[in-house]
Amino acid sequence: AYQQALRLKPNFADAINNLGNALLQRGNVDDAIALFKKVLQIKPGYAEAINNLGNALFQKGNVDGAIAQYQQALEIDPGYAQADYNLGIALLQKGNVDEAIAHYRQALKTRPDYTDAINNLGNALLQKGEVEAAVRQYEKLLQLKPDYLEAQNNLAWILATAAPASLRDGKQAVALAERSNQLSGGESPVVLRTLAAAYAEAGRFDDARQNAQKAMELARVAGQSDLGEQIQGELKLYTAGLPFHQDGK
């Protein structure tokens, strides 16, 4: 349909931009980049096309180039929440956690219900070690979207394994992890690992061992050897009747 529109009107910037997006979703990254650049020759200040070019460059592995595009889009449209969000992702990829957090927060000033930005803000805070702040973000997100799988799993993991005992809640962790396991189809080693940790925190060590064993096997089949080794270490604790906590206690 976009191609037909462009046969009728070759310089239709919106159609070129949309065709670029469609090609990017199909994995035709170079073709998408060429189209976004063509859009910007026709309409140089088109913030959405600049953001999309950033997405294509990021997908191609050119993180610095993507960052430059997102920053340019925000110079043109400071309230462009998606560009702030994308810039946060790119900055986090570069290890700039504080800057990423700032851009996620800016995106949420513009769009308070931007669930992906809330989730990524929680992840970034968790990476920085601000566990309680991360918990607040995941809880906020689950109020908006109760079946948001990643937030459910991350919150369950914290409630099961957090170093401060005040943050742990085995019963709630089990409820969240069981729902995550349902949503993921029961075949995700990451989710099953969380479920095992939640059962252990709730004192259900038989269930913990069973799910940890399955998680370990699935991780190894998927070639995730590091994850498999981590789960194997946790399985030894469950076999001994001990929960897994982040501080090892």
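In what order do the elements of the protein chain run from the N terminus on? They run α-α-α-α-α-α-α-α-α-α-α-α-α-α. The chain has 14 helices and 0 strands; here helices (H or I, at least four residues) and strands (E, at least two) are DSSP runs, numbered from the N terminus.

Before I continue, two remarks on the basis of this talk. This is a predicted model, in which local features need pLDDT of at least 70 and side-chain atom pairs count only at pLDDT 80 or more, while totals for chains, interfaces and linings use all residues. Residues are numbered from 1 along each chain as its sequence is written, and side-chain values use heavy atoms, with hydrogens and water left out.

Let me begin with the chain as a whole. Taken along the principal axes, its C-alpha atoms fill a box of roughly 70 × 35 × 30 Å. Of the 249 residues, 47% are buried; buried means under 20% relative accessible area, exposed over 50%, and partly exposed in between, with a 1.4 Å probe and protein chains only. Contact means heavy atoms within 4.5 Å. Among contacts between residues at least 6 apart in sequence, 46% join residues at least 24 apart.

I turn now to α2 and its neighbour α3. Helix α2 covers residues 13-25, and helix α3 covers residues 29-42. The two pack at an angle of about 165°, with their axes 8 Å apart. Axes are lines fitted to C-alpha atoms, for helices over the stretch in contact, and angles run from 0 to 180 degrees between N-to-C directions. α2 and α3 are therefore roughly antiparallel to each other; angles under 35 degrees count as roughly parallel, over 145 as roughly antiparallel, 65 to 115 as roughly perpendicular and the rest as oblique. α2 passes α3 in a left-handed crossing, a term used if the near helix is turned anticlockwise from the far one by less than a right angle, with right-handed used if clockwise.

On the α2 side, the residues that meet α3 include Ile-16, Leu-19, Leu-23 and Leu-24, and on the α3 side they include Val-29, Leu-35, Phe-36 and Ile-42. By class, this contact divides into 11 nonpolar, 3 polar and 2 charged residues. In that scheme, Ala, Val, Leu, Ile, Met, Phe, Trp, Tyr, Cys and Pro count as nonpolar, Asp, Glu, Lys and Arg as charged, and the others, Gly among them, as polar.

Ala-22 is partly exposed, with a relative accessible area of 30%. Its C-alpha atom is separated by 31 Å from that of Asn-154, which lies 132 residues away along the chain.

The next pair is α3 with α4, the latter spanning residues 47-59. Their axes come within 9 Å and cross at roughly 155°. α3 and α4 are therefore roughly antiparallel to each other, and α3 passes α4 in a left-handed crossing. Among the residues making this contact are Ile-33, Phe-36 and Leu-40 of α3, together with Ile-50, Leu-53 and Leu-57 of α4. The contact has 10 nonpolar, 2 polar and 1 charged residues.

What do the buried residues of α5 pack against? They pack against α4, α6 (81-93) and α7 (97-110). Those buried residues include Val-63, Ile-67, Tyr-70 and Leu-74.

Further along, Leu-144 has its place in helix α9 (residues 131-144). Leu-144 is partly exposed, with a relative accessible area of 45%. It touches Pro-112, Asp-113, Thr-115 and Ile-118, not counting residues up to four places away in sequence. The C-alpha atoms of Leu-144 and Asp-113 are 7.3 Å apart, although 31 residues separate them along the chain.

Finally, I come to α12. Why is α12 described as largely enclosed by the rest of the structure? The reason is that 11 of its 13 residues are buried. Among them are Leu-192, Arg-193, Leu-195 and Tyr-199. What covers the buried residues includes α10, α11 (170-184), α13 (205-221) and α14 (225-239).

The axes of α10 (residues 149-161) and α12 (residues 189-201) come within 9 Å and cross at roughly 35°. This crossing is left-handed. Trp-157 and Leu-159 of α10 are among the residues in contact, as are Val-190 and Arg-193 of α12. The contact divides into 8 nonpolar, 3 polar and 2 charged residues. After α12 comes Gly-203, whose phi is positive, near 85°.
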